[in-house]
Amino acid sequence: MKKIIVYCEVDFVNKKLEEVSYELISKARSLTKIAKELKNEDYEVEAVALLDEIEIESVKNAYKAGANIFTLIKSDSLKVFSQTVFAQSFVEYFNQNKSDIIIFPATPRGRIVAPRITTSLDCGLVADCTGLDFIVRDDKLMFAPTRPTFGSELMATIISKTLPQCATVRAKTFNAEFIYEENDKINEFKPISYEENRIKLVKTILDNTPNEYDFSDAKIILAAGYGLVHNKDRKYFEKLEQIAKLIGAKVGSTRKVVDLGYMPQATQIGQTGSTVEAEIYVAFGISGALQHISGMKNSKKIIAVNIDEDAEIFNYSDYKIVANAKTIIDNIYEKLSK
Amino acid sequence: MNIVVCVKQVPDVDDIKWTKENNLDRVNMLTKLNPHDEWALDWAMNIKSKFKDTKVTAISMGPNQASEVLSYAMAKGADRAILLSDRAFSGSDTIVTAKILAAAIKKYVSDFNLIITGHLACDGDTAQVPVSLAQILDIPDVIGVNEIFNADKNMAIVSQKHGKDINIFEINTPCLLAVKEEAKEKIVPKIDDYIRAQNKGIEIYGLDDLGFDKNEVGILGSPTMVWKAFRPQVSKKAVKIEQNFSERLVDIILKAE
């Protein structure tokens with residue numbers, strides 16, 4: 001039987017699987033059904049985790065999410081993350097237990113380890129996919145991941161001519177469904193104990209410096225664009241900062257206003273700035289250059305204020321206000337500071 | 001010490017043009033140096049300003065036009081520039097690109113201590129080439145570096161942000177660092193620098209120089225291929241607010257309407 005391996009992301013402290021692992025396992029399981037429908041081919045799903053030990057609850061959940069086999073590549077040298085040690089250990093296992101497809105999580109660690117593995121296996125890797133599917137090409141079933149490219153302006157479905165066919169997928173792209181039969185069987189594999197002496201983690205510091213531009217837990221972001229420039233002064237940027245303070249929001253900006261010196265670089269949202277996923281994102285006087293859009297489009301509710309009825313930003317918005325952003329800021333400021 | 005900086009010329013995503021068939025019209029789009037690579041160059045120059053005997057080599061794979069970003073790298077202070085250009089290279093995916101870069105570095109800058117790259121290129125946006133390159137060259141890497149505190153012939157000391165954690169690494173050279181943030185000091189070339197760069201000349205190498213067969217590189221040699229490309233239908237149907245703008249806006253924000 002053919003196999004889809006899901007490389008699991010783990011929580012090293014609690015010896016658990018991260019949620020993204022279940023999401024990928026469930027997606028892999030649903031892919032097996034597509035393979036069956038398209039070409040009557042049987043695939044099974046193998047979840048593979050690398051760690052020194054694992055809590056049994058995670059194993060059960062992996063089966064419930066759709067795994068047919070759970071493999072633990074187990075070694076003391078896998079207690080802490082090292083991209084080279086993890087890649088070597090996985091490759092050693094893989095060479096003895098080959099699969100047609102490997103799906104990796106596009107987590108910070110996954111993104112670092114996956115290309116090491118695929119380069120070592122001399123195969124392709126499709127990054128940051130938002131869709132996974134099978135297609136039939138020349139009467140052959142092929143794994144067909146789709147990814148956004150070019151700042152999300154273009155979607156590309158990319159296939160691999162060689163095996164294994166591999167892809168990375170971001171967390172929260174698919175849903176985990178705990179609907180399959182529970183099991184607690186662990187297939188254990190002991191790799192050679194690899195070491196990485198060339199790199200040393202000296203220490204980890206908790207970044208406690210209060211950072212008004214840390215958007216990671218920002219619920220509301222008010223973003224300032226070129227439409228707020230007024231007589232070459234910062235008046236409306238300051239007003240927006242004050243409004244943000246009053247309602248507990250954070251202020252973001254575009255590359256253009258950063259380049260022109262109206263806002264600090266740390267506020268920049270977009271491809272060369274921060275990527276945000278706010279509950280509410282309000283774009284004031286932002287036209288919607290692609291480089292900005294790619295950093296904010298995943299926000300839950302997007303409201304745009306722009307004088308130009310045809311501004312690109314409106315294509316990504318839930319609410320559209322065609323008006324001068326400066327006037328709106330004046331009015332809100334007046335309303336809130338009463 | 002010897003530093004290699006990998007740079008890429010990318011289409012300007014703020015200037016996207018489409019062909020009638022809905023493909024990217026790369027011919028008519030403006031190009032620029034990938035922003036993350038600009039940071040990589042700046043970090044290299046920051047190190048060079050500390051250690052005078054440092055030699056920086058900028059390397060790029062691309063069409064002849066990519067010599068523009070290499071000239072710019074030299075205007076910024078790179079001592080040497082290498083362009084890997086061959087019709088056969090066109091269409092290379094990430095692993096093949098890494099193989100070509102690795103072959104060139106091994107052959108022409110074999111005594112490198114440090115490779116600095118941008119974290120990702122803003123056109124492909126995969127962040128895979130630096131990791132693949134480190135794997136092929138069998139050197140350690142730190143990906144997503146936000147500060148290079150020091151780098152000498154033996155060791156680099158760098159930090160990497162991971163959520164609220166800041167990891168400080170000591171990494172033996174030779175190694176690869178993929179930078180994710182701007183350098184402490186940005187290098188802005190002056191007219192004189194551009195003139196000096198023009199006189200330096202760019203080394204150009206192709207398929208035969210690097211000892212590849214044409215089936216090993218480009219579209220032919222790449223394990224992955226684009227099956228189809230399409231423009232996503234992103235248009236959300238925005239609800240247009242017709243009046244009482246400010247009141248409605250405040251309501252939406254504060255009452256989660």
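Me: Let's start simple: how many helices and strands are there in chain A?
Reply: Chain A has 8 helices and 19 strands. Helices (H or I, at least four residues) and strands (E, at least two) are DSSP runs, numbered from the N terminus. Please keep in mind that this is a predicted model, where local features need pLDDT of at least 70, side-chain atom pairs count only at pLDDT 80 or more, and totals for chains, interfaces and linings use all residues. Residues are numbered from 1 along each chain as its sequence is written, while chains are lettered from A and ligands numbered from 1 in the order in which they are written.

Me: And how many in chain B?
Reply: Chain B has 8 helices and 13 strands.

Me: What scores does the predictor give the complex?
Reply: The complex gets an ipTM of 0.91 and a pTM of 0.86. For chain B the average pLDDT is 92, and 95% of the residues score at least 70. pLDDT is the predictor's confidence in each residue, from 0 to 100.

Me: What are the dimensions of chain A along its principal axes?
Reply: The C-alpha trace of chain A spans about 70 × 50 × 35 Å. For chain B, the C-alpha atoms fill a box of roughly 65 × 45 × 40 Å along the principal axes.

Me: What share of chain A counts as buried?
Reply: Of its 338 residues, 50% count as buried. In chain B, 48% of the 257 residues do. Buried here means that 20 or more other C-beta atoms lie within 10 Å of the residue's own (exposed is 12 or fewer, partly exposed is in between, and C-beta atoms are placed from the backbone).

Me: You mentioned H8 of chain A. At what angle does it pack with H8 of chain B?
Reply: H8(A) (residues 325-336) and H8(B) (residues 245-254) pack at about 65 degrees, with their axes 9 Å apart. Axes are lines fitted to C-alpha atoms, for helices over the stretch in contact, and angles run from 0 to 180 degrees between N-to-C directions. The two helices are therefore roughly perpendicular to each other. Angles under 35 degrees count as roughly parallel, over 145 as roughly antiparallel, 65 to 115 as roughly perpendicular and the rest as oblique.

Me: Which residues make that contact?
Reply: From H8(A) they are Ile328(A), Asn331(A), Ile332(A) and Lys335(A), and from H8(B) they are Phe245(B), Ser246(B), Leu249(B) and Val250(B). That contact has 5 nonpolar, 2 polar and 1 charged residues.

Me: Switching topic: where is there a cis peptide bond in chain A?
Reply: The bond from Leu163(A) to Pro164(A) is cis, with omega near -10 degrees. Pro164(A) sits in the loop between S11 and strand S12 (165-169) of chain A. In chain B, a cis bond joins Thr173(B) and Pro174(B), with omega about 0 degrees. Pro174(B) is in the loop between strand S9 (165-172) and strand S10 (175-179) of chain B.

Me: What is the phi of Asp125(B)?
Reply: Asp125(B) has a positive phi of about 60 degrees, although it is not a glycine. Its place is in the loop between strand S6 (114-118) and H4 of chain B.

Me: Is Asp125(B) buried or exposed?
Reply: Asp125(B) counts as buried, because it has 20 C-beta neighbours inside 10 Å.

Me: Last one: which residues does Thr54(B) touch?
Reply: Leaving out residues up to four places away in sequence, Thr54(B) touches Met1(B), Ile3(B), Ile47(B) and Lys48(B). Thr54(B) is in the loop between helix H1 (35-50) and strand S4 (55-61) of chain B.

Technical notes:
Two residues are in contact if their C-beta atoms, placed from the backbone, lie within 7 Å. Ala, Val, Leu, Ile, Met, Phe, Trp, Tyr, Cys and Pro count as nonpolar, Asp, Glu, Lys and Arg as charged, and the others, Gly among them, as polar.
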